[in-house]
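Welcome! Here is a short tour for anyone meeting this structure for the first time. Please take a look at it before reading on.

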Amino acid sequence: MVAAASLTLAAIHGFVWFRQRNALASLMFCLMATSTAGMAACELWMMNVQSPHQYNHALQFFNVLRWLITISMVGFVHYYLGTGRKWLAIAICGLRTIGLLLNFILTPNIYYSSITEMRKISFLGQSVTIVEGTPNPLMFVGQFSLILLAVYLVDATARAHRERIHRSLVVGTSMLVFVMALSVQTYLVLWESMDSPITASLFFMGIVATMGLELSNDMVRAAILASNLQTREYELHRERQLTDAIFESAPGMLYLHARDGQIVRWNSQLEKITGYSSEETKQMKTDALFRPEDHSKLHRSWDRAFSKGTDELEVDLIRKDGQAVPHFFKMVRVEVRGKAHLVGIGIDLSNRQALAIETAHHNEEMAQLAQMASMSELSSSLAHELNQPLTIILSNAQAAQRLLSQRAPDMQELRDILDDIVTADIRAADVIKKLRSILSRGEPALEQVEPADLFEKALALAQTDVAASGVLVSKKIPKDLPVLYADRIPVEQVILNIIKNACDAMEDTPIDSRRMTLSCKQDMGFIQFTVQDSGCGLPEDAERIFDAFHSTKPSGLGLGLAISRTIIRAHGGQLWAERAKDRGSLFHFNLPLDAIHS
Amino acid sequence: MIPPQKVFLVDDEPALLRALSRLLRAEGFEVIPFTNATDFLKAHEPDAPGCLVLDVSMPSMTGLELQQHLIDAGSNLSIIFLTGNGDIPMSVRAIKAGAVDFLTKPVKDSELIGAIRLGIKKTNEKRSTQNEITSLKNRLKLLTTREQEVFLHVVTGEPNKQIASSLGITEQTVKVHRGRVMHKMGVDSLAQLVLIAERLGLLVSKD
């Protein structure tokens with residue numbers, strides 16, 4: 001029965017060990033349970049022997065099993081509790097081995113010097129054989145090993161208990177109790193000639209049973225733990241995915257490095273920017289990404305980040321290909337597995353610098369557009385402001401003409417008409433006055449300008465018109481012109497207006513002879529600007545083109561040149577036009593050099 | 001004596017409204033001025049004769065918005081736009097939506113008056129077409145269901161025999177129905193009947 005129970009337990013734990021080769025406690029247990037089963041069989045044999053010789057034989061087998069059990073028990077404690085003292089374990093095994101050897105050397109065996117008697121007694125209602133003889137004093141070796149085993153168990157249990165391995169107390173205590181009981185029984189049977197067969201297997205069975213129970217509990221616990229672990233692992237996986245996403249979403253490189261500079265984690269941008277592969281990065285220390293002369297600066301920054309929790313640094317990052325990329329780093333201290341690390345983000349400053357340039361450029365464009373829009377808005381609202389009174393005047397006048405052609409015109413109506421005409425006329429005149437004051441703004445706001453720069457800006461503003469008309473533009477601008485004081489924006493608008501007129505004037509000129517020359521020269525106390533075109537030229541009465549509302553263009557309002565002249569005059573200069581010798585026209589204006597004093 | 005033709009004037013500028021009113025009255029039109037689009041819409045009847053002279057840019061409701069309102073209301077009134085600074089896209093939009101003309105201020109009297117006369121003519125044409133269609137529709141309502149069926153078959157050019165077989169009646173009956181249809185629709189030839197069907201949009205091409 002004992003054997004069957006032991007074998008079953010042995011089989012279970014043998015299987016456990018087979019599945020998990022590192023579960024050595026299970027192997028030991030399996031060994032012990034198997035040996036216990038063997039021992040039970042052996043004892044049964046001993047109980048039924050017919051001769052002392054046979055008994056002797058059985059006892060030798062018994063001893064082998066005894067040895068195996070001891071070894072496996074020590075092994076079990078060693079692997080299961082992990083707290084036993086090694087030297088004790090070795091001593092126990094050594095003594096037991098010596099005992100086993102002696103058992104085979106000595107005759108008849110280690111237990112008896114001689115077997116004197118063999119008799120049958122009734123044991124638990126069964127007739128069993130027991131022997132009597134002179135106990136062998138050398139048996140002390142075995143007994144001593146048993147005592148050492150007890151000590152080993154007490155020590156291991158106590159230590160395990162101190163380390164709060166809660167299962168230790170049950171296993172250790174039960175082992176100890178059974179070992180002690182066994183020692184007592186052995187002593188009594190052998191030395192005091194108690195009438196009882198050797199039933200060591202029963203005691204070992206007790207140990208096996210307790211151990212089996214504990215191991216099974218462990219298995220259940222392990223199963224629960226495993227399922228918890230799975231949940232935890234899933235959560236960890238999710239967390240990892242989240243942090244991965246965070247790492248990847250950074251606008252620049254993001255990395256985690258240890259105190260010694262070893263890079264632990266990083267995002268793909270880091271590889272992209274540095275040019276190092278994932279494998280290379282794994283082997284790298286952060287230092288390798290910077291110039292040696294920057295290292296001390298870098299390390300100081302790290303020290304600050306580790307001590308204060310965060311730091312910032314601007315330093316050039318050296319790519320794998322040796323190219324330096326200016327970077328801004330921000331580092332924050334984090335704890336990873338109990339150790340301080342730095343998580344850092346690196347932002348490419350070359351992009352930011354480029355962006356800043358681009359933004360400035362864009363702003364400039366926007367300003368130009370706004371300037372153009374304001375001019376176009378002005379002309380549009382101007383058109384409306386002037387067209388309203390002009391319509392009123394015209395329609396009233398034409399109504400009056402009709403009334404007058406009647407036989408008895410309504411004089412009152414005619415008076416009203418004339419009143420309305422006068423009002424509208426005054427209103428139109430006011431619009432013009434207002435316009436003049438807007439454009440001349442009283443005193444021009446003078447600033448220092450390069451003559452060539454005025455041309456450049458105006459040309460840039462007229463770029464679409466120039467490009468659309470396919471005009472070839474050339475410039476004749478001397479390098480050593482003095483600077484002017486002028487209200488930049490209106491003067492640019494004047495040049496823009498002249499350039500646009502020139503483009504319009506060349507509409508009927510064959511495309512390959514459409515030319516425009518921008519020139520500039522110092523003349524007395526003035527700088528004279530000239531725009532020459534190869535267009536249709538000027539009308540007979542050239543001076544009329546400067547009158548307000550005189551337009552030679554179907555879509556023009558006829559205000560451009562009038563306004564332009566106002567602007568130039570406000571600067572103390574002149575605007576005039578002349579016919580070119582062969583074809584086209586020349587527009588000149590000049591600005592005084594001493595405008596600041598005038 | 002012919003009653004004077006109506007011109008509705010909408011412009012937010014009173015002085016301009018006065019000037020145009022004088023001009024048009026002197027020309028013999030009956031002028032009804034409004035200083036904003038909302039007032040005009042309140043007073044307007046969709047079937048009114050005449051012509052609308054409309055300023056494009058007005059506060060609250062612009063001329064183009066008013067035009068859309070009139071289209072939605074099924075008005076026949078022709079519209080002439082006046083603008084201080086009309087651009088091409090705006091004029092294209094107005095003309096596409098059915099405006100008679102798009103004139104720029106200051107407008108010459110001959111241009112404006114010419115456009116108004118054309119507008120009034122178009123309004124009247126639209127109105128008479130609509131009246132005609134209304135009366136034809138009323139006549140169509142007088143036909144019995146069977147007569148309407150015969151009418152629809154006749155105008156597609158089917159011979160009596162075929163109509164009879166497709167409607168499941170005798171040829172003689174078809175002839176009787178046909179005579180009644182002609183009488184009720186007030187025509188005395190097949191050609192006139194087909195014309196009516198076309199005007200009423202009843203001629204669906206059979207593919």
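This is a predicted model: local features need pLDDT of at least 70, side-chain atom pairs count only at pLDDT 80 or more; totals for chains, interfaces and linings use all residues.

## Where the chains meet

On one side, 20 residues of chain A take part, and they are in contact with 16 residues of chain B. Two helices of chain A, α11 (349–404) and α12 (411–440), each supply at least two residues of the side that touches chain B. The largest share of that side comes from α11(A), with 15 residues.

What kinds of residues make up the side of chain A that touches chain B? Eight are nonpolar, nine are polar and three are charged.

## Chain A as a whole

Chain A holds 16 helices and 14 strands. Of its 598 residues, 34% are buried. Among contacts in chain A between residues at least 6 apart in sequence, 64% join residues at least 24 apart.

## The nonpolar cores

The largest nonpolar core has 60 residues, and those touching the most other members are A:Phe29, A:Met32, A:Met39, A:Met46, A:Phe76, A:Val77 and A:Phe204. Several elements of chain A each supply at least two residues of this core, including α3 (52–80), β2 (126–135) and α7 (200–249). The largest share, 14 residues, comes from α2(A).

Let's look at one member up close. Leaving aside residues up to four places away in sequence, A:Phe204 touches A:Thr36, A:Met39 and A:Ile69. There is also a second, separate core of 45 residues, with B:Phe40, B:Val53, B:Val56 and B:Ala99 among them.

Terms used:
Residues are numbered from 1 along each chain as its sequence is written. Chains are lettered from A and ligands numbered from 1 in the order in which they are written. Two residues are in contact if their C-beta atoms, placed from the backbone, lie within 7 Å. Helices (H or I, at least four residues) and strands (E, at least two) are DSSP runs, numbered from the N terminus. Ala, Val, Leu, Ile, Met, Phe, Trp, Tyr, Cys and Pro count as nonpolar, Asp, Glu, Lys and Arg as charged, and the others, Gly among them, as polar. A nonpolar core is a set of buried Ala, Val, Leu, Ile, Met, Phe, Trp, Tyr and Cys residues joined through C-beta atoms within 7 Å. A residue is buried if 20 or more other C-beta atoms lie within 10 Å of its own, exposed if 12 or fewer, and partly exposed in between; C-beta atoms are placed from the backbone.
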